[in-house]
Amino acid sequence: MRLSRRSLLATTTATPATAAAPPATAGAAPRGQAEGPAESGRAAPVPGGRGLRTGFEQLSADGYAPLDGERVGVVTNPTGITRDARHIVDVMHADDRVDLTAVFGPEHGFRGTAQAGGSEGRHDDPATGLPVYDTYLKSGRPLADVFTASGVDTVVFDIQDAGARFYTYIWTLYDCMEAARLAGKRFVVLDRPNPVTGRAALGPVLHPEFATFVGRQPIAQVHGMTVAELARLFNAEFLTAPVRLETVRMSGWRRSDFYDASGLPWVPPSPNMPTPETALVYAGTCLFEGTNLSEGRGTTRPFELLGAEGIDGRWAAGANGLGLAGVRFREAYFAPTFSKFRGRTVGGVQLHVHDREAFDPVRTGVGLLVSAKRTWSGFAWRPDHWIDRLTGSERVRTMIDAGADTDEVVAGWREELAAFRRTRREYLLYR
């Protein structure tokens, strides 16, 4: 972890309700205990989330003052919505106080018409007539050239994250920040809640030699940060040089809040993230993308259903025998409509999280890998060792192959996680 530019923190538009608190004493927090600044007795948000304002809501309430006189382009997708489910692009386009001139669409597209691994391409948005530029699979100078060609002065980012290192929208954020720097553009991040809380960072930290679009830089598998906090971290720790960054914070959000505390509608950030409950388990069960088992794509419960042909009730029994906190496993059978085992009935497990405060998705994912390998003779890693890209090194795979149990695998990343937690603290914005 590079620490040489920690003083280069991003400029942040703070509101009185969320003024930054002094960093707390460094150290690893146990699961369920926030690592951020300690609580100061602030009242809980009003029921229904009426006490929370997103970054966009703060921006619009301020009359878009930070964007005054600027030609603005927005990096967003269907999750960039208001509390009453209007898209921010539609709202801004209709408001004379902001000069919105372009939209930039990530994977799945600005309006969300593409499946995994796809985008909408360059087109004009039928609803607003605005030019939509495709950012998917672009980075560095090619992406900077897109920003230059658009003619914008400021690039605004507003996309809902899912809280896991391998959820690619945070790397869209990173790539766009780097490209904006190269193109000489200002970069503004509108913050949104981390749907699985911001209490703690969990899991292994990416080793740089395993960097891909599912992990560009060494952060933990569960980063426990909002997108604005990540932007501050990226800007000070990882970008080649800092971009002109401004973050528009939320008010009324606490690190211990799950998504339902926000009162905001949930829009699937991608086709296989249909609910906040999916996000809750995703950081652990997405590891099954690196195996020959189905991770539940093609079902109504992706990442909650896992299985393969030949698996029976012994896996659920073995997984329950691990005593993993906050979750139980039900023997389940399903037939995916696409992806692995399309149209075939497979056996496996369904996760049922009964205590989300105690639930640790990464430990659970490792436990499921360990128990699947022990109870099903057909278990195999993907031949390309994709699991190493997801976990950030070859350690998880090689330890499980060597017969390590869940505790031994989890202990393997203890030191690197503690180091990341110490670095992370410097960029947290909320209590």
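Helix α3 passes helix α4 in a right-handed crossing, a crossing being right-handed if the near helix is turned clockwise from the far one by less than a right angle, and left-handed if anticlockwise. The two helices, α3 with residues 140-150 and α4 with residues 169-183, pack at an angle of about 65 degrees with their axes 8 Å apart. That makes α3 roughly perpendicular to α4, since angles of 65 to 115 degrees count as roughly perpendicular, those under 35 as roughly parallel, those over 145 as roughly antiparallel and the rest as oblique. The contact is made by Gly140, Arg141, Leu143, Ala144, Phe147 and Thr148 of α3 together with Asp175, Cys176, Ala179, Ala180, Leu182 and Ala183 of α4, where contact means heavy atoms within 4.5 Å. By class, this contact of α3 with α4 has eight nonpolar, two polar and two charged residues.

The model is predicted, with local features needing pLDDT of at least 70 and side-chain atom pairs counting only at pLDDT 80 or more, while totals for chains, interfaces and linings use all residues. Residues are numbered from 1 along each chain as its sequence is written, and side-chain values use heavy atoms, with hydrogens and water left out.

Helix α4 also meets helix α5 (residues 227-238), and the axes of α4 and α5 come within 10 Å and cross at roughly 45 degrees. That makes α4 oblique to α5, and the crossing of α4 and α5 is right-handed. On the α4 side Ile170, Trp171, Leu173, Tyr174 and Met177 take part, and they meet Val227, Leu230, Ala231, Phe234, Asn235 and Phe238 in α5. The residues of this contact of α4 with α5 divide into 10 nonpolar, one polar and no charged.

Leu280, Val281, Ala283, Gly284 and Thr285 of α6 make the contact with Pro361, Val362, Gly365 and Leu368 of α8, and the residues of the contact divide into six nonpolar, three polar and no charged.

The structure holds four cavities of 30 Å³ or more, a cavity being, on a 1 Å grid over the protein atoms alone, a set of points where a 1.4 Å probe fits but cannot get out, whereas a pocket is an open set with protein on both sides within 12 Å along at least five of seven lines, and lining residues have an atom within 4 Å of a point. The second largest cavity has a volume of about 60 Å³, and its lining includes Asp175 and Cys176, along with Pro106, Glu107 and Arg216 among others. By class, the lining of this second largest cavity has five nonpolar, two polar and four charged residues.

The largest pocket holds about 450 Å³ of space. It is lined by 28 residues, of which Glu107, Ala116, Tyr282, Glu289 and Arg297 lie nearest its centre. The lining of the largest pocket has 16 nonpolar, six polar and six charged residues.

Key. Helix = DSSP H or I, 4+ residues; strand = E, 2+ residues; numbered from the N terminus. Nonpolar A, V, L, I, M, F, W, Y, C, P; charged D, E, K, R; others polar. Points joined across faces, edges and corners; volume = space filled by probe spheres on them. Axes fitted to C-alpha atoms, helices over the stretch in contact; angles between N-to-C directions.
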